[in-house]
Amino acid sequence: MNVTLPCILLTSANGISVDMTILILLICGILSNLFMIGVGYFASQKESSIIKGVYMLNCSGYNIGNLH
């Protein structure tokens, strides 16, 4: 069985009613990720652009290794 994360998200979102609480949580999540990307950027100021990208991805929580 081959299941992908977008498939799981789409099937689990069936029947969800969108209200203000969900929108506030969505905005908080986006802002916190943007903040952490900035932290990764400033933490790697003197590094190469490849290392800077790794810092930014790992600080924001988009590390694919966490999905085991």
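I noted that the contact, meaning heavy atoms within 4.5 Å, is made by Met36, Ile37, Gly40, Tyr41 and Ala43 of α2 and by Lys52, Tyr55, Met56 and Cys59 of α3. The axes of α2 and helix α3 (residues 49-59) come within 7 Å and cross at roughly 150°, and therefore I recorded α2 as roughly antiparallel to α3. Here axes are lines fitted to C-alpha atoms over the stretch in contact, with angles from 0 to 180 degrees between N-to-C directions, and roughly antiparallel applies to angles over 145 degrees.

**Source and confidence**

I kept in mind that this is a predicted model, in which local features need pLDDT of at least 70 and side-chain atom pairs count only at pLDDT 80 or more, while totals for chains, interfaces and linings use all residues. Residues are numbered from 1 along each chain as its sequence is written, and side-chain values use heavy atoms, with hydrogens and water left out. The protein averages a pLDDT (the predictor's confidence in each residue, from 0 to 100) of 83, and 87% of the residues score at least 70.

**Overall make-up**

I counted 3 helices and 0 strands, both being DSSP runs numbered from the N terminus (H or I of at least four residues for helices, E of at least two for strands). Of the 68 residues, 6% count as buried, that is, under 20% relative accessible area with a 1.4 Å probe and protein chains only, whereas exposed means over 50%.

**Two residues**

I found Ser44 in the loop between α2 and α3, where Ser44 counts as buried because its relative accessibility is 0%. Leaving aside neighbours within four places in sequence, Ser44 is in contact with Lys52 and Tyr55.

I then turned to Thr11, which lies in helix α1 and is exposed, with a relative accessible area of 54%. The side chain of Thr11 reaches the backbone oxygen of Cys7 at 3.0 Å, and a polar atom of that side chain lies 3.1 Å from the backbone oxygen of Ile8.

How values were computed:
Polar contact = N/O pair within 3.5 Å; in protein donor to acceptor, adjacent residues only side chain to side chain. Parallel < 35°, antiparallel > 145°, perpendicular 65-115°, else oblique.
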